Amino acid sequence: MADDSTIEGRGPVTTLATPIRLDFDFTPGIAQSVFLRGLARGRFMGQRCPKCGKVYVPSRGSCPTDGVPTTEDVELANVGTVTTYCVVNVPFAGQSIEIPYICAQVLLDGANLSFMGLIQEIPTDEIRMGMRVEAVWVDEADLTPSLASVKYFRPSGEPDADYESYKEYL
Amino acid sequence: MSPAGRTVRPVSIASFAQMQNVRRDDEHNEVEMLMPVVAEVFGTIGITKDDVDFICSGSTDYLIGGPFSFVMALDAVGVWPPRAESHVEMDGAWALYEAWTLLQEGEVDAALVYSFGRSSLGDLREILTLQLDPYYLAPLWPDTVSLAALQARALIDSGKSSEAEFAAIAARSRKDALANPKAQVAGDRSVDELLRDEYVVSPLRRHALPPITDGAAAVVLAAGDKARQWSDKPVWITGFDHRMETHSLGARDLTSSPSTAKAAEVAGVHDGPVDVAEIHAPYAHQEVIVREALGLDDSVRINPSGGPLAANPMMSAGLIRIGEAAERIRSGQAGRAVAHATSGPCLQQNLVCVLEGA
Amino acid sequence: MAERCAVIGVGQTHHKAKRDDVSIAGMVREAAKAALADAELTWSDIDAVVVGKAPDMFEGNMMPELYLAPALGAVGKPMLRVHTAGSVGGSTALVAAHLVKSGIHKRVLTVAYEKQSDSDAMWALSVPQPFAAPLLAGAGGYFAPHIRAYMRRSGAPDHIGRMVAVKDRLNAIHNPYAHLHLPDIDMKTVEESMMLWDPLRYLEACPSSDGAAAMVLAAEDSLSGGYPPAWIHGAAMRSEPTMFAGRDQVNPQAGRDCSADVYAQAGITDPRAQLDVAEVYVPFSWYEPMWLENLGFCDLGDGWKLTEAGATAFDGDIPWNPSGGVLSSNPIGASGMLRFLEAAMQVRGQAGEHQVDGAGLALGQAYGGGSQFFAMWVVGADKP
């Protein structure tokens, strides 16, 4: 048995815990503020590129392909299409949703870019590409300028979208 | 073939732009900060993103507090169709170096280099602690100003400088900054007045510290026909090198900068007279060390832009030195200039770029 | 004119879930020393050092090249630090190659690493921001929807992913450096492994590894070492925006353009026929058929047919990832360099038990981010 009363007996140090805590402010910028303020009103706000006419939601302030400022604000529908999805079954630190859950790319009507959303009110084995979904918002009193205002998306009951209508957005 | 440091294929600083340096830009995200800078650096010489063959940027995630901060920043350029593009987790001066190597090779004729640094989002003194040895140094949380103060003390004790010289450097820098519309801190205060400032960490008084700055900068590099098409008076890079020192502060002579001296030698600083030097010495005392290492005499005009004491956007301040030095030549104020950039605690890593007019 | 450049030394660590026997500096030095030994050089023979790794937050060290400089013999030398997301191991090697090809340096050491066990990469990828709901659960959650899109588009049957998972793990048995050695793996064990991000199962995903890779690159007049040099015949990087309207994330344009550029430099018109072996960044099983198409080894929609027919198996006509690939070892920052390095090992004839007989021309590919960053090279036994 190792003698741990001496340094020799204790073996090498293999782990050193050095906690790091740093706080950062977050600066959303002009374009993302449009999106965040929209969320606080229960609306999805995007922006249109003046050059190619594509609508981005959320917009980061530039058209990613043209590199020019997106300046025209566009309000988008509350409904959209699931372009693709996966079912998450991995527990991880900070996770707030019970697994398994559906993580989908949702293309809002009027937008040219899908974004990631949680799908609920449907068994995980019934989700499919092309499903039409609608956003479910938190109560009006609880709306904030963050994605926490959107509780999740759920099936809207409309017929599935035709594959051709969203295949460019996969 | 170009042996270390010396240019064989002439490459010019065709264009330079920088953001208005500010203590804190609350209004814009990184893309919105960069977009006008990129538009200006192209617009000044009448080109578009389609005229450059390579893009290289410099930035660091820890200023933002999230991984992959360089990724979305690329949307400020609009890399479509896809482009040859690279990124260094270093000051933009090193991004410029990487781009220069491709131009030397002849693989590309023009490159966009940009960098951005939002120093204001967290506690910069603490953030920079994470640059230190993670086992022996960082857990003690020595902050960056205190480390600089250790260096300043060593410099005073060696007899090479004094608090009065630090103050004189700060006074000159902030006075010169009055003529730089992009500067963050400018003013005309006497050395006597500055010496009445309080100490932040002795022997560094408030004036000897750089401001905390949000900023961004961009440069277009061009070779061959493009260099001449895009400028009547090209500013050429004639020498370029950078060197690293060891990390442990205890193993270094903090009063000298052998890496700067080596880079200066390899880049050929002494092959001709130097009119202007833009030195990336964030702390006033570091200018003394770098100036000595570069072997500059009193005739050399140091930091006419005001230097990092007037604006110190992390990850961009080095690139700005190169841009500012090039502007001195373009405007006819200098014929030959030296730009310097630094990285790491107490001038651990240093870069030297020699620029000449036609 | 650009100088010729070759790989004259390679080194890597034994990749493991947790290298608690070494510090970060000790780990990178292990790979670097092996590369120097392979090149029969010492530290003083090296002119410059180029380091790459994925986000600094993975280990909690900001710009760690500063701390690593003495461990990598970089004191007094130029040192660069590259970060291009997951493709970084590949692009780091390319930055090093430029230093030689430009004639600036004769011998450059390039090193890439990740010590994932030093922190929690999953945490670093999930830093809360007001924009993104915390839904992703790591990289798998990002890529799984694109895999589903590929399956939908190509009509590939479910078992293709499992075949890749089995093939790469069985290859890894012959690679002593691989993290995972799973001799008993078969289609059934993959199918029975836990579903993580439907359609991706546990055994179809890469592990989380500690490890480092290193290479010595040299100019034509500065060759050394016991093995023949691996000459660089073509090298390129390409990036496209992360998100844009109409972006094809299954078959990204940047990947297609990057391979077209590299093949043109190397004189390759039919990659499946002309290349002898490929080491390609496949962190999730389905990325093999996806990249087969993206890299032009077959027509669009046919990638899975090559996998199914065994073309990419060790004894197939175009072996992919004989080392076991990213599915068997994933020290993130080093994973791309390992692809480049393994390609070089093959054409130098030093891959031991996973050597593809007579390999003369090999592709190394790395990708990163959300498949918007690509780095590739083609290396050959013959001087270009």
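This is a predicted model: local features need pLDDT of at least 70, side-chain atom pairs count only at pLDDT 80 or more; totals for chains, interfaces and linings use all residues.
Residues are numbered from 1 along each chain as its sequence is written, with chains lettered from A and ligands numbered from 1 in the order in which they are written.

In chain A, three strands form an open, antiparallel sheet in the order S2-S1-S3. Helices (H or I, at least four residues) and strands (E, at least two) are DSSP runs numbered from the N terminus, and two strands pair if DSSP finds at least two bridges between them. Strands S2 (55-56) and S3 (72-76) of chain A are at the edges; each has a single partner strand, so one side of each lacks a neighbour in the sheet. Helix H2 (residues 29-40) of chain A packs on this sheet and touches S1 and S3 of chain A, its direction making about 155° with that of S1(A). Such angles run from 0 to 180 degrees between N-to-C directions, with axes fitted as lines to C-alpha atoms, for helices over the stretch in contact. S1 (residues 44-48) of chain A pairs with S2(A) in the antiparallel sense over two bridges, and A:Arg48 has A:Val55 as its bridge partner in S2(A).

In chain B, strand S11 (residues 336-343) has seven of its eight residues buried. A residue is buried if 20 or more other C-beta atoms, placed from the backbone, lie within 10 Å of its own. S11(B) pairs in the parallel sense with strand S9 (residues 276-278) of chain B over three bridges, and in the antiparallel sense with strand S12 (residues 349-356) of chain B over eight bridges. S11(B) and S12(B) form a hairpin with five residues between them, and B:Gly344 in the turn has a positive phi of about 90°.

The contact between chains B and C takes 52 residues from chain B and 53 residues from chain C. Here two residues are in contact if their C-beta atoms, placed from the backbone, lie within 7 Å. On the chain B side, the largest share, six residues, comes from H3(B).

B:Val88 lies in strand S3 (residues 84-88) of chain B. B:Val88 is buried, with 30 other C-beta atoms within 10 Å. Beyond four places in sequence, its contacts include B:Trp94 and B:Glu98, as well as C:Leu80 and C:Val82.

Key: A residue is buried if 20 or more other C-beta atoms lie within 10 Å of its own, exposed if 12 or fewer, and partly exposed in between; C-beta atoms are placed from the backbone.
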